[in-house]
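Please look over the structure below before reading on. The notes that follow take up its backbone and packing point by point.

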Amino acid sequence: TSDDNSTPEYSEGYSNGMYSKRKRESEDDEDEAPAKKTHSDMYSIASLRMMKKMGYQESTGLGKNSQGRLDPVEASKQKGRRGLGAAPDAVDISATQFEETEEVIQIPEIVNWLYSDVEDLEELDRSRLDEWCVHGQRKLTIHDETLFCDPEILKGVLEAKTVFDNMNDLEMRRACQRSNPFETIKNVIFLNRAAVKMANMDALLSFMFTNPVDERGQSLVNDELLYFADVCAGPGGFSEYVLWKRKWHAKGFGFTLREENDFNLDNFLAGHPESFHPFYGVKGNGDVYDPRNIESLMNLVMLETGKGVHFMMADGGFSVKNQENIQEILSKRLYLCQCLAALSVLREKGHFVVKLFDLFTPFSVGLIYLMYKCFRQIAIIKPNTSRPANSERYLVCKWMKPNTDTIRRHLLDICDTMFRSAGDEDVRELVPYDVMREDSVFLRYICDSNNRIGRNQITGLRKIAAYAQNKNIHETRQAEIRERCLSEWQLPSAMRTAARGQKTSHEEYCNDLLGSGDRKFMTQVDYVLTNRAKLSQHFGEVQDHWFFVALNTPENVQKNFRTFFLSKGRQDVVMMTSKGGWEHLPKGVQVEMSPNTLIYGEIVQEHKGQDRSQRTTYALHIIDGLILDGEDIRKKPLRERNRDCHKFARAINKPSINGGETTVPIRCKKLFPFREIGPFIENLQYYGLKNMTQRKGYMLHNTDERFYIPKALLFLSEIKSNLRMHFSFRNREFYYFDVQRKVPFTTNQLDDPNSILTSFATTFNFRFLWKWEQEEQIEASQYHPVESEEADGLVSRADFEYLICQTDEKIQRCYGDSQ
């Protein structure tokens with residue numbers, strides 16, 4: 001982002017050759033004026049002889065009364081549906097007004113920020129805001145709105161638009177494409193040009209949307225998901241860019257009109273849509289004009305995120321064919337409702353970008369003024385990907401302030417008034433001109449912005465007229481500008497291609513994901529704990545590197561499966577069989593996951609309510625992860641993989657809305673330290689099941705009081721399988737023993753202490769399963785030592801607690817002796 005007024009690198013370097021060509025032609029004409037031709041020179045000698053025999057006299061017309069025309073009919077210059085020999089029209093006149101030297105191209109564009117340093121939001125109470133509003137008859141003219149611009153600029157913009165009213169649509173479109181220096185950038189790898197426009201703005205603004213930071217440059221996301229909202233956004237280009245940039249580390253909430261303007265998620269090929277949730281409001285129609293829809297969007301976002309999204313995008317617009325000059329007036333409700341949505345869903349220090357058109361009327365400028373009060377900084381920008389000849393521009397709002405709810409509720413009331421109003425009654429102003437005039441910096445910023453964008457728009461419109469008049473001229477800089485812009489915006493120059501793997505078997509797809517690695521470990525069966533005396537041999541003297549998860553599926557039965565799950569994207573998810581093949585999920589269990597994903601998990605029966613009124617559903621619980629949307633996490637330590645899996649599950653899990661789920665919930669297992677076996681079991685609660693039995697269940701946090709019945713614990717280690725952790729009584733320190741090399745060592749002796757941590761394959765191969773076959777196994781009881789030959793049988797809770805107690809006693813005895 002550039003805040004200075006220095007001369008841009010490209011402002012003088014580019015020219016398309018059109019101006020210089022015209023100049024050369026005019027200079028050649030000045031060298032020698034051509035002799036004027038007589039009428040006789042226009043005909044051959046034979047023709048003149050024949051005409052004289054018929055009574056022709058030079059400089060007179062043909063016919064009995066010499067009424068014929070003197071000059072021949074000129075060659076046709078017909079355009080579109082205009083008639084033969086038509087006189088020059090407004091387009092031709094506009095074309096002559098185009099001066100190439102007036103066209104300025106800046107890469108990157110200059111961004112001028114307007115800073116809002118005054119903390120006066122608490123002074124703006126509802127009564128004052130209500131007093132500011134002016135109601136009156138609906139106004140449908142804009143030619144006299146000159147308070148916020150140079151009158152000549154407004155006149156020029158309106159006249160430049162009007163000249164195209166009668167031009168053929170195809171001719172107009174072709175002239176636009178040939179004249180726009182940025183036209184060939186197109187949509188690159190994305191669904192549409194809107195995605196590239198968002199990439200343009202994101203890069204221009206130092207990636208403030210996909211990598212938001214605070215005033216000190218510290219991340220506003222950290223290890224959290226990047227939450228965003230996309231309003232009035234169908235078919236979803238903005239969101240596809242964000243999901244391409246951040247993948248599953250971002251979660252989006254979309255709001256747009258249903259049906260023909262809906263999100264086209266099946267065509268999200270660059271950014272995958274599994275972590276994007278379309279929502280259509282409480283009315284189910286996606287109408288942003290309805291205040292109840294906006295409030296329901298706010299409730300959903302706050303429920304899912306806790307404190308709002310990091311940024312919101314809005315790109316609403318509709319056709320104003322033959323009413324282009326009053327596009328701003330026709331769009332005023334859309335302006336207001338999009339700004340209201342932003343104040344409703346953003347968190348403190350959140351960002352907002354919204355598409356606007358002209359900003360000449362007091363209503364529009366008053367709305368900008370209120371947003372200026374709600375954010376630390378605002379800017380009005382015209383990105384290069386926005387066609388130069390249109391009125392489009394974007395309002396960017398940075399770092400939302402606290403205490404904006406008063407303005408939000410005020411705009412909500414205005415939205416409701418507009419939604420219910422009928423006839424010619426309208427809200428004409430939101431903020432009086434006198435109030436805005438007191439802030440001279442704000443008023444000057446708006447006027448300068450309107451004048452600058454207006455001048456450039458007039459030039460762009462005249463350029464289109466010139467290219468429509470002369471079909472032989474082309475914008476020669478398009479290829480060079482495309483290459484420069486894609487580099488600037490960090491976009492590939494590749495073409496859009498279909499998703500990989502649609503015609504690939506699941507076997508090949510999995511092999512491609514895992515690469516050259518051996519996948520035999522995936523069919524390794526559980527090691528079931530049955531010998532009480534061998535627990536210390538399995539877990540070592542100190543169990544600080546061991547963890548457990550609670551299982552609902554000790555053995556695969558009916559719809560409950562614990563295995564590997566592979567996703568090609570959306571609902572194309574399969575599970576691994578015991579023989580290493582792939583099969584579809586059980587009927588009625590639909591899972592939606594990002595493509596290029598391979599996880600280890602279980603299908604769990606979750607319950608809500610008790611006894612006869614209980615409702616049972618299924619869910620996918622992730623135990624551990626290998627590859628998440630193409631991101632290989634196999635080499636990461638266990639706890640880091642678990643954090644990634646929790647984040648991934650939050651990203652792709654669909655919000656539950658009025659029981660309308662079509663796919664099952666996706667969660668990640670909580671990883672408990674080995675030492676918490678006793679407290680974990682103690683905290684389980686008895687629940688009445690539908691079969692009228694009582695079982696101990698585990699309540700799932702952040703759900704609508706759902707629980708499941710644990711039937712086993714699965715133990716996972718984060719260190720290499722040949723290592724055991726011990727405590728040295730003599731040295732009073734923890735150390736590790738390599739059972740293969742028979743060598744003890746401490747982490748202080750290692751160059752990299754993390755080298756003892758292991759990957760997914762080792763953790764999976766050396767897992768231990770403790771089945772709960774009888775309820776007595778998990779009841780608190782006194783430990784009874786047994787001989788090794790009598791140790792086979794049911795392992796109990798007391799056996800694990802005794803193992804932990806032995807370690808604690810040794811440490812306490814060590815430090816107790818030193819006192």
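This is a predicted model: local features need pLDDT of at least 70, side-chain atom pairs count only at pLDDT 80 or more; totals for chains, interfaces and linings use all residues.

1. **Helix H7, its length.** H7 runs over residues 193-204.

2. **Helix H7, its burial.** Is H7 enclosed or open? It is largely enclosed by the rest of the structure, because 11 of its 12 residues are buried. Among the buried residues are Ala194, Val196, Met198, Met201 and Leu204. Lys197, Asn200 and Asp202 are on that list too.

3. **Helix H7, its partners.** The buried residues of H7 pack against both strands and helices. The strands are S6 (309-314), S7 (346-356), S8 (375-381) and S9 (393-400). The helices are H8 and H16 (478-488).

4. **Helix H7, its two ends.** Asn192 caps the N-terminal end. A side-chain oxygen of Asn192 lies 3.2 Å from the backbone nitrogen of Ala194. After the helix comes Ser206, with a positive phi near 60 degrees. Ser206 sits in the loop between H7 and S3. Ser206 is partly exposed, at a relative accessible area of 48%.

5. Buried or exposed? Gln558 counts as exposed, at 69% relative accessibility, because the cut-off for exposed is over 50%.

6. **Cis peptide bonds.** The bond from Ile107 to Pro108 is cis, with omega near -5 degrees. Pro108 lies between helix H3 (90-96) and strand S1 (114-115), in a loop. The bond from Gly234 to Pro235 is cis as well, with omega near 5 degrees. Pro235 belongs to the loop between strand S3 (226-231) and helix H8 (237-246).

7. **Asp262 and its contacts.** Asp262 is in the loop between strand S4 (250-255) and strand S5 (276-279). Which residues does Asp262 contact, leaving aside its neighbours within four places in sequence? They are Gly234, Pro235, Thr256, Leu257 and Tyr280. Two of these, Gly234 and Pro235, form the cis bond of the previous point. The side chains of Asp262 and Tyr280 are joined by a polar contact of 2.6 Å. Asp262 and Gly236 are 26 residues apart along the chain, yet their C-alpha atoms are separated by 8.2 Å.

8. **The S21 and S22 hairpin.** Strand S21 (residues 685-688) and strand S22 (residues 694-699) run antiparallel and are joined by four bridges. Gly688 stands opposite Gln694 in S22. The hairpin has five residues between its strands. Met692 in this hairpin has a positive phi, near 70 degrees.

9. **The S22 and S23 hairpin.** S22 also pairs with strand S23 (residues 706-708), again antiparallel, through two bridges. Tyr698 stands opposite Tyr708 in S23. How many residues lie between S22 and S23? There are six. In the turn, Asn702 has a positive phi of about 60 degrees.

Terms used: Residues are numbered from 1 along each chain as its sequence is written. Side-chain values use heavy atoms; hydrogens and water are left out. Buried means under 20% relative accessible area, exposed over 50%, partly exposed in between (1.4 Å probe, protein chains only). Contact means heavy atoms within 4.5 Å. A polar contact is a pair of N or O atoms within 3.5 Å; within protein, one must be able to donate a hydrogen and the other to accept it, and residues adjacent in sequence count only if both atoms are side-chain atoms. Two strands pair if DSSP finds at least two bridges between them.
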